[in-house]
Amino acid sequence: MLIETNLYIFGAIKNELRPLPNKSFYTFNLRDISKAFQGICSASPKYCKAKTDVVRLWYHENLRVFHDRLINDEDRDYLKSLLKSQFEKFDLTDEQILNSERIIFGDFMQGRDVEPKFYV
């Protein structure tokens, strides 16, 4: 399901948010999908146990990859509404996923004494 929704998001963004002279860096490619999944795969199963956690992480990673490049509120709101429209495919609601002001994932709180992540 994550793959299908990400492909849908990518296709919609690529078609709707085209590069213009003032948005010349709105060039999206398959590397963007890879970056989103790289972030999802970097999550520890110790902290992402429930389906809501995984969907929150999916939402966060798509915001990180796509939202951070958008230059105006109209485009940002379009992306957020596009992402929210996919929650129903996971049988979840906006309230279940967006239950706090910000969704933040990161390992910067752990410090240097944690075990390194090995990708297999």
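By how much of a helical turn are Arg56 and Asp53 separated in helix H3? The two residues are three residues apart in helix H3 and are therefore separated by about one helical turn.

The model is predicted, and local features require pLDDT of at least 70, side-chain atom pairs pLDDT 80 or more, whereas totals for chains, interfaces and linings use all residues. Residues are numbered from 1 along each chain as its sequence is written, and side-chain values use heavy atoms, with hydrogens and water left out.

The chain contains five helices and zero strands, in the order α-α-α-α-α along the sequence. Helices (H or I, at least four residues) and strands (E, at least two) are DSSP runs numbered from the N terminus. Of the 120 residues, 37% count as buried. Among contacts with a separation of 6 or more, 70% are accounted for by residues 24 or more positions apart, a contact being heavy atoms within 4.5 Å.

Helix H4 comprises the 12 residues 73-84; at 1.5 Å a residue these should span 16 Å, which agrees with the 16 Å between its end C-alpha atoms. The expected span is 1.5 Å times one less than the number of residues. Within H4, Asp75, Leu79, Leu82 and Leu83 are buried. Seen down the axis of H4, the buried residues fall within an arc of 100°, so they line one face of the helix; the arc is that of the directions from the helix axis to the C-beta atoms. These residues pack against helix H1 (2-16) and helix H3 (51-65). The face of H4 turned away from the buried side carries the exposed residues Asp73 and Glu74.

Beyond its neighbours within four places in sequence, Asn62 is in contact with Asn6, Ile9, Ala36, His67, Leu79 and Leu83. A polar atom of the Asn62 side chain lies 2.9 Å from the backbone oxygen of Trp58. Lys51, also in H3, is partly exposed at 46% relative accessible area. Not counting residues up to four places away in sequence, Lys51 touches Phe90, Asp91 and Leu92, and a polar atom of its side chain lies 2.8 Å from the backbone oxygen of Phe90.

The structure holds five salt bridges. One of them joins the side chains of Lys23 and Asp75 (2.9 Å, N to O). Lys23 lies in the loop between H1 and helix H2 (30-41) and Asp75 in helix H4, so the pair ties together parts that are 52 residues apart in sequence. Both Lys23 and Asp75 are buried. A further salt bridge connects the side chains of Asp32 and Arg69 (2.8 Å, N to O). This pair links Asp32 in helix H2 with Arg69 in the loop between H3 and H4, 37 residues apart. Asp32 counts as buried at 3% relative accessibility, whereas Arg69 is partly exposed at 23%.

Methods. Buried < 20%, exposed > 50% of the residue type's maximum accessible area, 1.4 Å probe, protein only. Polar contact = N/O pair within 3.5 Å; in protein donor to acceptor, adjacent residues only side chain to side chain. Salt bridge = Lys/Arg side-chain N within 4 Å of Asp/Glu carboxyl O.
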